[in-house]
Amino acid sequence: MTELVAPGVVNTMPELTLLAMAEHGQVRGDTIRGSYDEAETVLDQLARLGVDLPEVSARLEREGVAKFVAAWEALLASVSAETVALTS
């Protein structure tokens with residue numbers, strides 16, 4: 001996870017992951033800039049192996065959005081139930 005730390009980057013990790021990172025992780029500063037050539041090489045290797053990065057990205061986005069929607073709906077249901085309980 002620490003390899004993705006850089007200025008201007010937003011990461012929406014679960015709270016337990018964030019707490020574990022705060023307790024055990026070692027942030028080494030911006031590890032992204034300066035590694036673009038290496039990243040491009042890895043992406044080229046993945047493409048040669050048949051990994052369709054646009055499809056993988058689209059699937060991760062779809063699944064991630066679905067999880068956010070489910071969490072939001074669960075939060076709304078919880079708040080609604082609590083509101084009903086308090087007003088009854």
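Arginine 62 forms a salt bridge with glutamate 55, and their closest N and O atoms are 3.4 Å apart. A salt bridge here is a side-chain nitrogen of Lys or Arg within 4 Å of a carboxyl oxygen of Asp or Glu. This is a predicted model, in which local features need pLDDT of at least 70 and side-chain atom pairs count only at pLDDT 80 or more, while totals for chains, interfaces and linings use all residues. Residues are numbered from 1 along each chain as its sequence is written, and side-chain values use heavy atoms, with hydrogens and water left out.

Look at the two partners. Arginine 62 is partly exposed, at a relative accessible area of 48%. Glutamate 55 is also partly exposed, with 39%. The cut-offs are simple: buried is under 20% relative accessible area, exposed is over 50%, and partly exposed lies in between (1.4 Å probe, protein chains only).

By this rule there are 2 salt bridges. In the other pair, arginine 59 meets glutamate 63, at 2.7 Å from N to O. These two residues sit 4 residues apart in helix α3 (residues 53–87), so about one helical turn separates them. Glutamate 63 is partly exposed, at 36% relative accessibility.

Now step back to the whole chain. It has 3 helices and 0 strands. Along the sequence the pattern reads α-α-α. Helices (H or I, at least four residues) and strands (E, at least two) are DSSP runs, numbered from the N terminus.

Between α1 (15–24) and α2 (36–48) runs a loop, and glycine 29 is found there. Glycine 29 is partly exposed, with a relative accessible area of 31%. Valine 65 comes 36 residues away from glycine 29 along the chain, and their C-alpha atoms are separated by 29 Å.

How does the overall form compare with a compact globule? A globule of 88 residues would have a radius of gyration near 12 Å, but this chain has 19 Å. That radius is taken over C-alpha atoms, and the globule rule is 2.2 Å times the number of residues to the power 0.38. The C-alpha atoms fill a box of roughly 60 × 35 × 20 Å along the principal axes. Buried residues make up 3% of the 88 residues.

The chain carries 6 positive and 14 negative side chains, and the centres of the two sets lie 4 Å apart. Lys and Arg count as positive, Asp and Glu as negative; His and the chain ends are not counted. Each charge is placed at NZ of Lys, CZ of Arg, CG of Asp or CD of Glu.
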